[in-house]
Amino acid sequence: MSPSPGPHTRPTGPGRTRPGWSLALLALAQLIFSLDLNIVFVALPDIGADLDFPGQTQQLVVSAYVVFAGGFLLLGGRAADLLGRRRIFVLALSVYAVSSLAGGLAGSPEVIVAARAVQGIGGALLLPSTLSLINTLFEEGPRRNRALAVWGGAGASGLTVGALLGGLLTEAFGWPAVFFVNVPLAGLVALAAVFVIPRDPAGGAGRRFDLPGALTVTAGATLLVFALVEGPEWGWAAPAVIGAAVAAVVCLAAFAAIESRSADPLMPFRLFRNRSLSVAITVTFLYMATFGTLPYFLTVLLQSVHGFSALDTGLAFLVPSVAIAAGTQLGERMTTRLGARTTLITGFLVGAVGTAALSLGFDADAGYGIAVPGLVVSGVGQGIVWTSMWIAAATKVAPGEQGIANGMASTTLNLGNAIGLAVLTALADAGTDGKTGRALRAATADGEFLVVLLTAAGMALGLLIALWLPRARAAGAPAAGSPEPSAGAGAPAAVTEEAAASGNH
């Protein structure tokens with residue numbers, strides 16, 4: 001069915017005259033989202049001590065967020081397309097503010113886990129709505145690339161700045177501060193969005209919300225992420241883990257059947273014919289299974305092996321944070337000039353080399369300085385990949401389907417994080433049983449040395465997958481908005497009109 005006028009078309013109105021302010025708000029929103037992925041890591045020991053939270057269940061504070069964020073991403077993406085991008089964006093930030101306030105005021109483990117679950121739902125609404133706003137406010141090509149670089153710089157840096165901010169806030173004000181900081185941030189961005197971001201156009205006829213598809217995919221994705229996250233903690237043979245995995249398969253199979261028969265599906269399967277999107281979906285999975293797991297293992301190394309305080313750990317993340325931010329800007333320039341294919345290949349190559357060098361710092365007797373060169377090089381590669389993979393995901397996607405396309409890429413991003421951490425933490429902890437003191441610290445460092453090398457190998461795999469991306473078109477090729485070629489014909493990358501648009505620089 002051809003798109004009809006409505007919330008899925010490019011927004012118009014006063015906000016179109018303030019793209020810079022809109023982009024600033026969208027980047028700040030992404031920073032809030034990324035901060036919450038890691039901000040509680042360094043505060044977990046304090047949360048456990050204050051709330052009498054057993055050590056083996058403290059991970060629920062992290063996993064509750066991951067599970068619900070991963071489960072609701074597709075729903076959030078489609079809601080942005082059909083119900084209005086600004087509307088969902090403001091709703092998501094409001095959910096963030098309220099759930100963060102509840103988390104900071106929590107007096108029991110149950111309340112804080114529930115607050116993190118609601119935060120996860122807010123994140124699932126926020127990420128695809130933010131991306132779809134960028135991809136409709138800025139046309140495909142150099143302007144969108146630059147916008148995604150600004151957004152990407154905020155997001156990729158937030159993955160590591162979260163640890164820094166978490167350490168600073170925990171040391172200075174106690175663990176509730178890692179939740180309270182979101183309340184004014186999210187509230188102010190939501191309020192400003194009403195005045196700055198363009199109003200959603202009036203809804204049009206001809207589109208309906210695929211409720212059966214939404215229910216089955218949300219249940220299936222949530223159960224799948226739950227099984228992956230809790231499997232290492234509870235044991236893969238635990239009845240709850242097996243039951244969740246089986247139920248996830250049933251729900252996802254039902255979703256596939258529903259979508260194949262729906263006249264207006266939640267996730268049109270024809271989107272997979274867009275080679276840039278399909279490759280980007282795979283790359284986002286590998287990104288979080290490799291680059292995205294490194295902050296966790298670095299935190300464990302610094303705190304559990306080297307005895308860093310929360311503040312010291314946060315300060316140690318300044319180096320990769322600056323490197324990642326620089327990489328996101330380099331990624332935009334490379335993608336605009338060379339295409340997403342070459343840029344992703346370069347980013348994964350740089351990341352693999354840097355991460356292999358980083359592994360040298362994962363030794364009980366190695367100081368932080370030994371890890372710094374690897375952190376810098378790996379961080380630059382991480383930033384390059386982060387920006388270029390989102391550019392690829394948005395390429396050749398119609399405005400009315402930007403939300404669901406970004407929801408698809410965001411879902412695999414989250415699954416990559418869940419699966420990567422589940423597999424790598426199991427491998428890292430395999431040799432630590434029964435050890436204490438120095439022996440435990442040495443075994444922890446040795447296990448993490450292995451998994452860091454494995455993440456470097458995963459980045460090399462990402463390089464090979466990036467080879468499937470279409471090559472950038474030469475100047476004078478058909479415009480980026482031209483009809484999509486048939487599957488396998490080589491759709492253009494998101495960089496096809498550099499010569500014509502170079503005046504926008």
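Author: The account below begins with the aromatic pairs and then turns to the nonpolar cores and some individual residues.

This is a predicted model, in which local features need pLDDT of at least 70 and side-chain atom pairs count only at pLDDT 80 or more, while totals for chains, interfaces and linings use all residues. Residues are numbered from 1 along each chain as its sequence is written, and side-chain values use heavy atoms, with hydrogens and water left out.

A pair of aromatic rings is described by the distance of the centres and the angle of the planes. Rings of Phe, Tyr and Trp (for Trp, its six-membered ring) pair if their centres lie within 6.5 Å; planes under 30 degrees apart count as stacked, over 60 as edge-to-face and the rest as tilted. Ten aromatic pairs are found in a search of the whole structure. One of these joins Tyr 287 and Phe 291, a tilted pair with 5.4 Å from centre to centre and 40 degrees between the planes. Tyr 287 is buried, at a relative accessible area of 0%, and Phe 291 is likewise buried, at 0%; buried means under 20% relative accessible area, exposed over 50% and partly exposed in between, with a 1.4 Å probe and protein chains only.

The rings of Trp 386 and Trp 390 have centres 5.8 Å apart and planes at 75 degrees, so this pair is edge-to-face. Because Trp 386 and Trp 390 are four residues apart in helix α16, about one helical turn separates them. Helices (H or I, at least four residues) and strands (E, at least two) are DSSP runs, numbered from the N terminus. Both Trp 386 and Trp 390 are buried. Ring pairs link Trp 386 and Trp 390 with Trp 151, Tyr 287, Phe 291 and Phe 348 into a cluster.

Trp 390 also belongs to the largest nonpolar core, which has 94 residues; Phe 89, Leu 93, Met 389 and Trp 390 touch the most other members. Helix α16, residues 368-394, gives the most to this core, with nine residues. A nonpolar core is a set of buried Ala, Val, Leu, Ile, Met, Phe, Trp, Tyr and Cys residues joined through side-chain atoms within 4.5 Å. A second, separate core of 27 residues includes Phe 41, Val 67, Trp 175 and Leu 228.

For contacts of single residues, the criterion is heavy atoms within 4.5 Å. Not counting residues up to four places away in sequence, Phe 89 touches Leu 25, Leu 26, Ala 29, Leu 126, Ser 129, Thr 130, Leu 133, Val 189, Ala 193 and Ile 197. Ser 410 lies in helix α17 and is buried, at 1% relative accessibility. With the same exclusion of residues up to four places away in sequence, Ser 410 touches Trp 390, together with Leu 73, Leu 127 and Leu 131.

The loop between α16 and α17 holds Lys 396. Phi of Lys 396 is near 65 degrees, a positive value in a residue other than glycine. Lys 396 is buried, with a relative accessible area of 14%.

Ala 466, in helix α18, is buried at 0% relative accessibility. Residues up to four places away in sequence again left out, Ala 466 touches Val 279, Arg 341, Leu 344 and Ile 345. The C-alpha atoms of Ala 466 and Thr 282 are separated by 9.2 Å, although these residues are 184 residues apart along the chain.
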